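Reader: I'd like to learn how to read charged side chains in a model. Can you walk me through it?

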Amino acid sequence: MERNHIRETDPAVADALAGERARQENTLAMIASENHVSEAVLEAQGSALTNKYAEGYPGSRYYAGCEYADDIEELAIERAKKLWGAEHINVQPHSGTQANMAVYLSILEPGDKILSLDLTHGGHLSHGHPANFTGQTYTVEQYEVNQETGYIDYDGLRDKAETFDPDIIVSGYSAYPREVDFERIQLAADAANAYHLADIAHITGLVAAGVHQSPVGVADFVTGSTHKTIRSGRGGIIMTQSEHASDIDNSVFPGAQGGPLMHNIAGKAVGFKEALSDDFEQYAAQTVANAEALADTLSDAGLAVVSGGTDNHLVLVDLRPSHPDTTGKDVEAALESTGIIMNANTVPGETRSPFEPSGIRLGTAALTTRGFNEAATREVGELIIDIVKNYDDQAIISDVSERVDELTNEYTLYQ
């Protein structure tokens, strides 16, 4: 086969890929669900394993020639067990949402009941939103956070479980800045005779490093993403007890998806090995410290930080108290023009459309990967404050852009 590089074969795609790499290097990624993987993970995900079909599981594939695919998947599973301590782990889900789908398929029938956190209060689409397959397949009711404190209303959750009688309670969130009391949610599940699914997509790496309590051994099922705070190959993961192993594996394949993306599983294996190091524990602790510094900086400037702070990698800001006429989209667009990339987000008690929400969500995982400490993160917080207060002032935007350029040059991403 002729060996052509992408630049020779497809200049248009090569230009887009080069542009994306430059965009990442020259901007500050603060989307809480994003991170930067190592060159080693990138190499694994771009490997010859992209050519290999490996339907089934190690030692029981539907095709020949899977000996190296088996080695890599077994390494990913072995390392994941060391990181999270689960009895059984499936590393094949293509995403966190498909991991959730497999759990639902393994234990629920259409029409069964799911109790989960409302999306505007920090939940996730795959926990029961009507636009998602969960809301279209199952009967869903939702609990909320206390709008005055920003913390999960655990008493309200238990009351809702007693009246709704769910088949499964979902914990784990996409925009909740506080540590989750999984054991308290498990008590509500026990009282309702319901399963408990803990979706730790955002905090997978924080749990692995021990800077957030773990739901493994507490909840019946634990799902997560493998490309956020754990910083490995893009995809999903499921953890459970041995008694559920067969049902989960059958729900992933052939239930929810076909051949696994073996190049992604290779990326997971490499990233999991990196996460087993002492350096990763330091990284996770620094990620949380940076988020706390960011929250304090924004709060000290008069912005309404939901729950008053953070225990993890993300900070959620409600713009209404300080800037009632400013939407999250206004701030998102202005910050993007300066090179700070974050997202507009709904907040508890949302009064606007999800497409023009009242809040912004900021994460520190990717900044920490670049080497940011608390002092550097506070400076980024001050730049964000300048834009929130002056999102349509071109002179301020220009000044912030210049400082972002200096920061990206100082804290380089890929050599």
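Author: Let's go through salt bridges and then a charged surface patch. Keep in mind that this is a predicted model.

Reader: What counts as a salt bridge, and how many turn up in the whole structure?

Author: Look for a Lys or Arg side-chain nitrogen within 4 Å of an Asp or Glu carboxyl oxygen. Searching the whole structure gives 15 salt bridges. Take E39 and R21: their closest N and O atoms sit 2.9 Å apart. E39 belongs to helix α3 and R21 to helix α2, so this pair ties together parts 18 residues apart in sequence. R21 and E39 also join E25 in a network of salt bridges.

Reader: Which parts of the chain does the R178 and D311 pair link?

Author: Distant ones, 133 residues apart: R178 is in the loop between β7 and α8, while D311 is in the loop between β11 and β12. The N to O distance in that salt bridge is 3.0 Å.

Reader: Is R178 buried or exposed?

Author: Buried means under 20% relative accessible area, and R178 counts as buried because its value is 10%.

Terms used. Residues numbered from 1 in each chain as written. Predicted model: local features only at pLDDT ≥ 70, side-chain atom pairs only at ≥ 80, totals over all residues. Heavy atoms only, no water. Helix = DSSP H or I, 4+ residues; strand = E, 2+ residues; numbered from the N terminus. Buried < 20%, exposed > 50% of the residue type's maximum accessible area, 1.4 Å probe, protein only.
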